Amino acid sequence: MEVKRDILWRVYLCFIGIVVLSLVVLGRALYIQNAEGNYWRSKSDSLHTRIVNLDADRGTIYSEDGSMLSTSIPFFNVYIDFGAEGLREKNGKRFRENLDSLSFSLAGLFMDQSAQVYKKLLQEGFRKKDRYFLLKKEISFQEYKQLRDFPLVRQGRNKSGFIAEVKNKRLNPFGLLANRTIGLARENAQNVGLERTYDSLLRGETGKRLVRFISGGVAVPVEGYEVEPENGKDLITTIDVNVQDIAENALLKGLIENEAEYGTCLVMEVATGKIKAIANLGKRSDGEYWEDLNYAIRASEPGSTFKLATLLSVLEDNKAHIGTHVNLENGVWKVNGRTVFDSEKHNHTDVTIQQAFELSSNVGMAKLAMNYYAKNPMQYIDHLKRLRLNEFSGIDLIGENHPVIKTPKSRTWSATSLPWMSFGYEVLVSPLQTLMLYNAVANDGKMMRPYLVEEVRKGGLTLTIHQPEVMVERICSESTLKQLRTCLEGVMVNGTGKALRSPYYRIAAKTGTALMANGNRGYGDHIYQASFAGYFPADKPVYSCIVVIRNRPHALKYYGGAVAGPVFREISDKLFALKAQEVPAGTVSVPKKDSVAFFYTGSSRDVKTIYNQLRVPFTDSVAGHRWTSVEAAADFGPVLQQKEMSTGMMPDLKGMGLKDALFILEEMDVKVLVKGTGKVKEQSILAGRPIEKNQSVLLSLN
């Protein structure tokens with residue numbers, strides 16, 4: 001018994017000891033976690049370093065005239081490190097002294113909460129020693145500039161604890177204008193448009209930085225361990241903002257009027273292949289129209305605009321000429337067990353090929369194909385291939401659909417494929433490819449590669465210039481070309497486009513109406529795709545244009561001349577008027593501006609240095625004055641004149657760089673707000689007006 005008691009006593013004693021030790025360990029763990037947790041976590045965080053990426057500033061996309069189409073705007077997330085030594089020294093004296101004035105300033109700037117609410121938030125963050133207190137998200141650069149001058153904040157990061165995290169947002173200043181073509185630069189999804197095609201140039205080179213993490217996950221850069229990012233390059237596009245605006249509005253008007261599902265419109269410069277406008281609008285669930293898909297490069301059955309390719313083949317092979325007669329059979333003709341119908345009922349029988357084209361007769365085109373190519377369909381198809389209708393257009397946009405041109409070896413080839421292909425069915429081509437054909441006819445038979453980017457620049461310097469590129473030197477003979485032009489102009493005089501004829505200039509064009517399948521429902525919903533393609537002025541073509549609109553089911557109006565034609569006519573009228581304004585009557589030529597005639601303003605020393613480095617002779621009339629304006633004189637070249645800066649008066653800053661303008665105004669204690677980039681174009685306070693201390697002025701740059 002004694003032995004048993006002795007053993008039990010020892011067991012109980014060990015058990016009690018283990019329990020006590022466990023309680024001590026548990027208590028200590030709780031104490032460390034709750035009382036000393038922040039301290040030890042900060043110690044742990046300070047041991048972690050990591051290489052982080054530094055995003056480069058994404059390049060800007062400009063229109064042909066220099067307007068911004070897509071650019072990156074900086075936004076700032078503002079945090080406060082309430083554990084900063086400068087903020088907490090002397091028991092937080094600096095924080096307490098500036099708290100009221102800072103709260104009042106924040107309330108006045110953001111106007112979302114009262115000064116008392118801001119004061120309470122700041123006090124709470126200070127009490128908790130929050131190392132990464134979020135004060136405000138996504139404030140603009142103008143707001144951030146004002147914030148930097150606030151009490152406490154202006155004392156610097158170490159004393160105030162204020163931390164600004166820069167985030168860039170991609171914005172399209174013109175909103176809907178060419179939105180899908182310019183594209184979207186998205187963080188968590190694939191880019192589209194030019195933003196995607198030229199992403200490698202726009203995004204630049206990512207930099208690297210070694211950072212050490214402190215409490216709260218705040219990353220502190222380690223000095224000396226940094227590779228600076230290389231900013232992205234800028235793109236100068238062929239888009240003309242005025243032409244794009246005209247095309248976009250005309251298309252939108254046509255879509256709304258016809259309650260259409262979607263539409264696209266392209267305007268191309270005939271001689272070069274430059275895309276001056278590309279509009280794509282689709283109807284959303286709420287009934288509004290938006291640039292949702294790039295319909296201009298999506299392949300579909302083109303309908304009657306394809307008849308130009310059929311006519312070209314017949315004429316080029318010398319099978320017939322436009323005066324050759326064909327029987328339209330009153331618009332109804334049976335071939336290989338199927339019936340070809342003309343879209344509009346008529347009583348025409350014996351007509352010329354030109355008349356059949358002007359009337360947009362499906363029967364006429366089908367008969368030409370069967371009469372001349374039934375025994376050798378590849379002869380016809382080879383023409384389509386020479387016109388590059390079976391290839392990508394070559395435009396600098398990713399996402400183009402591959403066209404489909406059938407051959408007798410195709411799985412879906414049938415006895416009626418050839419006649420149906422002749423008037424635009426059983427083939428798939430994009431509106432852009434159709435426009436390339438019409439543009440080639442306008443351009444004396446020379447087919448140009450369409451393109452959207454004219455230059456690539458970096459820091460204002462041109463790195464690459466994209467020149468016009470000929471894809472097909474001659475699509476046909478001069479004789480064929482002349483007959484094609486006659487037929488296209490005839491459409492607007494005697495054919496399906498005559499209602500759109502202009503009394504001021506000639507248009508050469510072709511209408512198109514194609515019955516479209518509606519998925520599994522087939523053709524029962526009577527959905528038609530209306531199109532209108534051509535060029536103007538017909539005698540000296542400047543622009544080619546195509547409009548394609550997909551109508552709603554059972555639409556009352558669905559013909560190409562009635563739906564797409566008015567959009568084309570509105571665009572051509574306005575562009576013709578613009579060209580007429582650009583070249584006044586009697587004007588022979590417009591001399592090019594000499595770069596020496598431009599007006600410059602800035603620091604006298606800097607201007608002289610530049611002219612001396614470039615070895616450009618100039619006349620110095622500055623006489624040691626600090627600021628100068630440079631003007632051109634016919635006999636003396638550049639002349640440097642004194643630029644007066646009167647105390648208390650607003651100076652004339654036009655033509656001055658932002659650095660010089662800021663230097664002058666900050667010396668006068670004037671607050672500066674900036675819009676745009678480049679040189680000063682406008683100033684909100686006119687030159688010569690009296691100014692007061694801390695007065696604000698808005699500078700608009702060009």
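## Two helices side by side

A helix axis here is a line fitted to C-alpha atoms over the stretch in contact, and the angle between two axes runs from 0 to 180 degrees between N-to-C directions. In this predicted model, helix α11 (residues 307-316) packs against helix α17 (residues 478-493) at an angle of about 145 degrees, and their axes are 10 Å apart. The crossing of α11 past α17 is right-handed.

So who touches whom? On the α11 side you'll find Leu 308, Leu 311, Leu 312, Leu 315 and Glu 316, and they meet Thr 480, Gln 483, Leu 484, Cys 487 and Leu 488 of α17. Sorted by type, the residues of this contact come out as 7 nonpolar, 2 polar and 1 charged.

## The largest cavity

Rolling a probe the size of a water molecule over the atoms shows where empty space is left. Here the count is 2 cavities of 30 Å³ or more. The largest cavity has a volume of about 50 Å³.

Its lining takes in Ser 300, Pro 302, Thr 305, Val 429, Ser 430, Pro 431, Thr 434, Gln 529, Ser 531, Ile 546 and Val 548. Two or more of the lining residues come from each of α16 (431-442), β23 (527-536) and β24 (543-550). By type, the lining of the largest cavity has 5 nonpolar residues, 6 polar and no charged.

## The second largest cavity

The second largest cavity holds about 40 Å³ of space. Around that space sit Leu 387, Arg 388, Leu 389, Glu 391, Phe 392, Ser 393, Gln 433, Met 436 and Met 447. The lining of the second largest cavity splits into 5 nonpolar, 2 polar and 2 charged residues.

Technical notes: Residues are numbered from 1 along each chain as its sequence is written. This is a predicted model: local features need pLDDT of at least 70, side-chain atom pairs count only at pLDDT 80 or more; totals for chains, interfaces and linings use all residues. Side-chain values use heavy atoms; hydrogens and water are left out. On a 1 Å grid over the protein atoms alone, a cavity is a set of points where a 1.4 Å probe fits but cannot get out, and a pocket is an open set with protein on both sides within 12 Å along at least five of seven lines; lining residues have an atom within 4 Å of a point. Grid points are joined across faces, edges and corners, and a volume is the space filled by probe spheres set on the points. Helices (H or I, at least four residues) and strands (E, at least two) are DSSP runs, numbered from the N terminus. Ala, Val, Leu, Ile, Met, Phe, Trp, Tyr, Cys and Pro count as nonpolar, Asp, Glu, Lys and Arg as charged, and the others, Gly among them, as polar. A crossing is left-handed if the near helix is turned anticlockwise from the far one by less than a right angle, and right-handed if clockwise. Contact means heavy atoms within 4.5 Å.
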